Amino acid sequence: DIKIAKKIAKEVGFPILVKASAGGGGKGMRVVNNMKELPEQMERAISEATSAFGDGSVFIEKYVTSPRHIEIQVLADTHGNVVHLFERECSVQRRHQKIIEEGPVTVAPREMCEELERGAVRLAKKVKYSGVGTVEYLYNITSGEYSFLEVNPRLQVEHPVTETIT
């Protein structure tokens with residue numbers, strides 16, 4: 001709903017990203033720099049999301065102009081035990097698909113990486129996660145702030161990076 005989108009955009013502040021809820025791989029994503037662009041870019045994101053995923057629902061998030069994509073792999077069992085296997089950076093991407101992934105992260109302070117690791121473990125415990133998964137964050141190198149992106153509840157193809165650093 002464009003009315004709700006405008007309200008959220010005002011709260012979040014521009015630039016924003018309109019993003020397909022069912023999306024991936026950069027499909028259904030539109031950067032919006034001001035209120036005037038919002039209706040058209042939202043319409044385009046919804047259309048692309050519907051075409052690509054059969055679901056036109058979208059959400060809005062703050063667009064980070066200087067992002068680093070940082071992931072924390074977690075291992076959890078059915079007894080509530082959770083450990084992290086440190087962090088990986090996967091900021092080198094093409095069309096929002098990772099090309100290079102490496103660890104440990106060198107673009108952020110060690111203390112921040114440790115905070116992300118603790119956060120990933122807390123999240124996995126809170127949702128009673130079991131198995132191998134990856135908690136993803138966006139780190140803004142300009143402001144030093146980070147935000148939660150998503151959880152991939154599976155062993156990812158990038159797992160050999162984790163194997164190498166552990």
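Which residue in E8 is the bridge partner of Tyr139? In this predicted model, that partner is Tyr146. Local features here need pLDDT of at least 70 and side-chain atom pairs count only at pLDDT 80 or more, whereas totals for chains, interfaces and linings use all residues. Residues are numbered from 1 along each chain as its sequence is written, and side-chain values use heavy atoms, with hydrogens and water left out.

**Strand pairing around E7**

- Strand E7 covers residues 131-140, where strands (E, at least two residues) and helices (H or I, at least four) are DSSP runs numbered from the N terminus.
- Of the 10 residues in E7, 8 are buried, a term that means under 20% relative accessible area, with exposed being over 50% and partly exposed in between (1.4 Å probe, protein chains only).
- Strand E4 (residues 67-76) runs antiparallel to E7 and is joined to it by 10 bridges; two strands count as paired if DSSP finds at least two bridges between them.
- Within this pairing, Arg68 has Tyr139 as its bridge partner in E7.
- Strand E8 (residues 146-152) also pairs with E7 in the antiparallel sense, over 6 bridges, and the two form a hairpin with 5 residues between them, in whose turn Gly144 has a positive phi of about 80 degrees.

**Nonpolar cores**

- In soluble globular proteins, nonpolar side chains tend to be buried together.
- The largest nonpolar core has 17 residues, of which Ile70, Ala108 and Met112 touch the most other members; such a core is a set of buried Ala, Val, Leu, Ile, Met, Phe, Trp, Tyr and Cys residues joined through side-chain atoms within 4.5 Å.
- E4, helix H3 (110-126) and E7 are the elements that give two or more residues to this core, and H3 supplies the largest share, 6 residues.
- A second, separate core of 9 residues includes Val32, Leu38, Met42 and Ile60.
- Leaving aside neighbours within four places in sequence, Met112 is in contact (heavy atoms within 4.5 Å) with Ile70, Tyr139 and Tyr146.

**Exposed positions**

- Val92 lies in strand E5 (residues 82-94) and is partly exposed, because its relative accessible area is 42%.
- Thr164, in helix H4 (residues 159-165), is exposed, with a relative accessible area of 67%.
- Although Thr164 and Glu102 are 62 residues apart in sequence, they are 9.5 Å apart in space, C-alpha to C-alpha.
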